[in-house]
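Trainee: I would like to learn how to read pockets, helices and sheets from a model. Can we work through one together?

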Amino acid sequence: MLQAALRSGAAHRRAVFEVFARHLPGGRRYGVVAGIGRVLEELERFRFGEEELAYLRDKRVVDESTLAFLADYRFSGSVCGYREGDLYFPASPILVVEGTFAEAVLLETLILSILNHDCAIASAASRMANAAGGRPLIEMGSRRTHERSAVAAARAAYLAGFTATSNLMAGHAYGVPTAGTAAHAFILLHDSEKSAFEAQIASFGASTTLLVDTYDVPEAVKTAVELAGSDLGAVRIDSGDLAAAAQEVREQLDALGAFKTRILVTSDLDEYAIAALAAAPVDAYGVGTSLVTGSGVPTAALVYKLVARETATGKLEPVAKRSVGKPSRGGRKHAYRLLDETGHFETELVTTSPGGVVPEGGVPLLHPLVEDGTVVGGEPLEAARARHREAIARLPQDALHLGRGYAAIPTEFA
């Protein structure tokens, strides 16, 4: 597309692309905006180096004039979008990219690969956090996804309500709190469960978390308390009927005087399993596979579509595809969220009217992120995390139901 547009001269026309979802996949009632910070980081260093250019030349992917354009590529346009941690609904213009067609079209895969992944993970994480009801959640899915996706997933999960991650690179790169426990291999390595517990306690102190389901749970709990005393930090259960096991372990811990010892459960948890454990004496959850795969919805179904182009007179005119089943709405969008009298979200209002005039009671959703190629909308991850907590609190109550349903609030066009 770039090569052909350069040849026709259309590559330098001003163009507006938008990222949005036609629907919320999986019958979800809301989506979570995540990955904006990562998009901004990648955009700043999005370049074509000598190795990439040599590959394109050797494989004859593009011609020399296109290679020359790529060698000098720097995005000089503007980007505005929803802030991380906020929610989105069908047709929400999550990201608006404006620049020349040549500059903007090259960003499609970069932007969609980040946002489709991170929004899907954050949306699943938010459902799990709501199901947990305030109990801590540890992201433990690094071994169930691509090594780079694992770091991004930990970031998205923390943004949407998880407490910590077992992925140390996410802690290093994004400041996500880290936590973890020993695996069954550590227990099996030692000559006895007791010697394994002794080694762990000697290294980390009595506040550590001991894995108690390698052999016999009651015997392991007894040994753990004998060695660590009532200061034992936590025990982890990773198999069996977690609700029943947690109840039995809680009763045993209390009988042994370990009233403060917490119970952490793992084992293929998702939001439904977490909700089912609401009445069990569980203090924290460790979630892996379901989280990093979006709990059955591994993509947010976001698309990147051209909605306006520059005419010969220099004005922007709306453009839209009209194909059956996949129509789009032309024109540069502006988005606002309308609240009801109690301060809860009521409507997502999307308009192609010029910006500047905020509808009465409307909260603007699009914010400057990049101006003239310079990132201006970066923010700490903690700000996005706080924003998400506030957004969830403003949802209608039925939006938190785990069953399949319609979007929590309607999207209206004006």
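Trainee: How do the residues of the lining of the largest pocket divide into nonpolar, polar and charged?

Mentor: First, the ground rules. This is a predicted model, where local features need pLDDT of at least 70, side-chain atom pairs count only at pLDDT 80 or more, and totals for chains, interfaces and linings use all residues. Residues are numbered from 1 along each chain as its sequence is written, and side-chain values use heavy atoms, with hydrogens and water left out.

Mentor: Now the classes. Ala, Val, Leu, Ile, Met, Phe, Trp, Tyr, Cys and Pro count as nonpolar, Asp, Glu, Lys and Arg as charged, and the others, Gly among them, as polar. Here the lining of the largest pocket has five nonpolar, 10 polar and five charged residues.

Trainee: Which residues lie nearest the centre of the largest pocket?

Mentor: Start with the definition. On a 1 Å grid over the protein atoms alone, a pocket is an open set of points with protein on both sides within 12 Å along at least five of seven lines, while a cavity is a set where a 1.4 Å probe fits but cannot get out. Lining residues have an atom within 4 Å of a point. In this case 20 residues line the largest pocket, and M140, R143, R144, R236 and D238 lie nearest its centre.

Trainee: How much space lies in the largest pocket?

Mentor: Grid points are joined across faces, edges and corners, and a volume is the space filled by probe spheres set on the points. For the largest pocket that gives about 460 Å³.

Trainee: How many cavities of 30 Å³ or more does the count come to?

Mentor: Three. The largest cavity holds about 80 Å³. Its lining splits into eight nonpolar, three polar and one charged residue. Helix α6 (residues 108-132) gives the most to that lining, with three residues. The second largest cavity has a volume of about 60 Å³. Its lining has four nonpolar, two polar and three charged residues.

Trainee: Is helix α7 mostly covered or mostly uncovered?

Mentor: Helices (H or I, at least four residues) and strands (E, at least two) are DSSP runs, numbered from the N terminus. Buried means under 20% relative accessible area, with a 1.4 Å probe and protein chains only. α7 is mostly covered, with 10 of its 13 residues buried. Among them are A150, V151, R155 and Y158. After α7 comes G161, with a positive phi near 125 degrees.

Trainee: What is the order of the strands in the open sheet of four?

Mentor: Strands of a sheet pair through backbone hydrogen bonds, either parallel or antiparallel. Two strands pair if DSSP finds at least two bridges between them. Here the order is β16-β14-β15-β19, with mixed pairing. β16 (362-364) and β19 are the edge strands, each pairing on one side only.

Trainee: Which way do the pairs run, parallel or antiparallel?

Mentor: Strand β14 (residues 334-339) runs antiparallel to β15, joined by six bridges. L339 stands opposite F345 there. β14 and β15 form a hairpin with five residues between them, and G343 in the turn has a positive phi of about 90 degrees. β14 and β16 are also antiparallel, over three bridges. Y336 has P364 as its bridge partner in β16. β15 and strand β19 (residues 411-413) pair in the parallel sense over three bridges. There V350 partners F413.

Definitions and conventions: Buried < 20%, exposed > 50% of the residue type's maximum accessible area, 1.4 Å probe, protein only.
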